[in-house]
Amino acid sequence: MRNGKWECNLCGKWEDERAIQEQIENVWLCLSCVDLYDDQELYDKITEIVDGRDEIHGQELSYLNAMKDSHIP
C-alpha cells in the first residue's frame, strides 16, 4: 500500500483500497482485473509473473512465492 492506494497484482494499477479485491489468497486485483480469469488460470498467470521476475514494481514477492506452495481448491 502506498499513499492509501493498493497495487493490482495483475496489471500493476494503483487503486483506492475500496477498488481492490482479493480473488485468491494474497492476490489483490483492481475491479478491471477481478474475474478476468478463473482461480486456477489466475494462479497460473501469477506463477508465471513470479517465476519470470524477482520483483514487480519494486515490491518483494515473498507473499506470492508463498502462495505458489498453497493449494487452490
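## Report on the predicted model

Of the 73 residues in the protein chain, 34% are buried. The structure described here is a predicted model.

The protein chain contains six strands and two helices. Along the sequence these elements follow the order β-β-β-β-α-β-β-α.

**The hairpin of strands 3 and 4**

Strand 3, which spans residues 20–24, pairs with strand 4 in the antiparallel sense, and four bridges connect the two. Within this pairing, Ile20 lies opposite Cys30 of strand 4. Strand 3 and strand 4 together form a hairpin in which two residues lie between the strands. Asn26, located in the turn, has a positive phi of about 65°.

**Salt bridges**

How many salt bridges does a search of the whole structure find? The search finds two. One of them joins Lys13 to Glu15, with 3.6 Å between the closest N and O atoms. The other links the side chains of Arg18 and Asp16, at an N to O distance of 2.7 Å.

| Residue | Relative accessible area | Class |
|---|---|---|
| Lys13 | 35% | partly exposed |
| Glu15 | 21% | partly exposed |
| Asp16 | 26% | partly exposed |
| Arg18 | 74% | exposed |

The class of Arg18 follows from the cut-off: a residue counts as exposed when its relative accessible area is over 50%, and Arg18 has 74%. Buried residues, by contrast, have under 20%; Glu15 has 21% and is therefore partly exposed.

**The negative patch**

The surface carries a patch of negative charge in which Asp35, Asp38, Asp39, Glu41, Asp44 and Glu48 gather. One of these residues, Asp38, is found in the loop that runs between strand 4 (27–30) and helix 1 (39–52). Is Asp38 buried, partly exposed or exposed? Asp38 has a relative accessibility of 44% and so counts as partly exposed.

**Summary**

The predicted model thus presents a chain with the pattern β-β-β-β-α-β-β-α. Strand 3 and strand 4 form a hairpin, salt bridges join Lys13 to Glu15 and Arg18 to Asp16, and a patch of negative charge that includes Asp38 lies on the surface.

Definitions and conventions. Residues are numbered from 1 along each chain as its sequence is written. This is a predicted model: local features need pLDDT of at least 70, side-chain atom pairs count only at pLDDT 80 or more; totals for chains, interfaces and linings use all residues. Side-chain values use heavy atoms; hydrogens and water are left out. Patches are made of residues with over 30% relative accessible area and no salt bridge: like charges are joined within 9 Å, nonpolar side chains (Val, Leu, Ile, Met, Phe, Trp, Tyr) within 5 Å. Accessible areas come from the Shrake-Rupley method with a 1.4 Å probe; for residues, only the protein chains shown count as cover. A salt bridge is a side-chain nitrogen of Lys or Arg within 4 Å of a carboxyl oxygen of Asp or Glu. Lys and Arg count as positive and Asp and Glu as negative; His and the chain ends are not counted. The place of a charge is taken as NZ of Lys, CZ of Arg, CG of Asp or CD of Glu. Buried means under 20% relative accessible area, exposed over 50%, partly exposed in between (1.4 Å probe, protein chains only). Two strands pair if DSSP finds at least two bridges between them.
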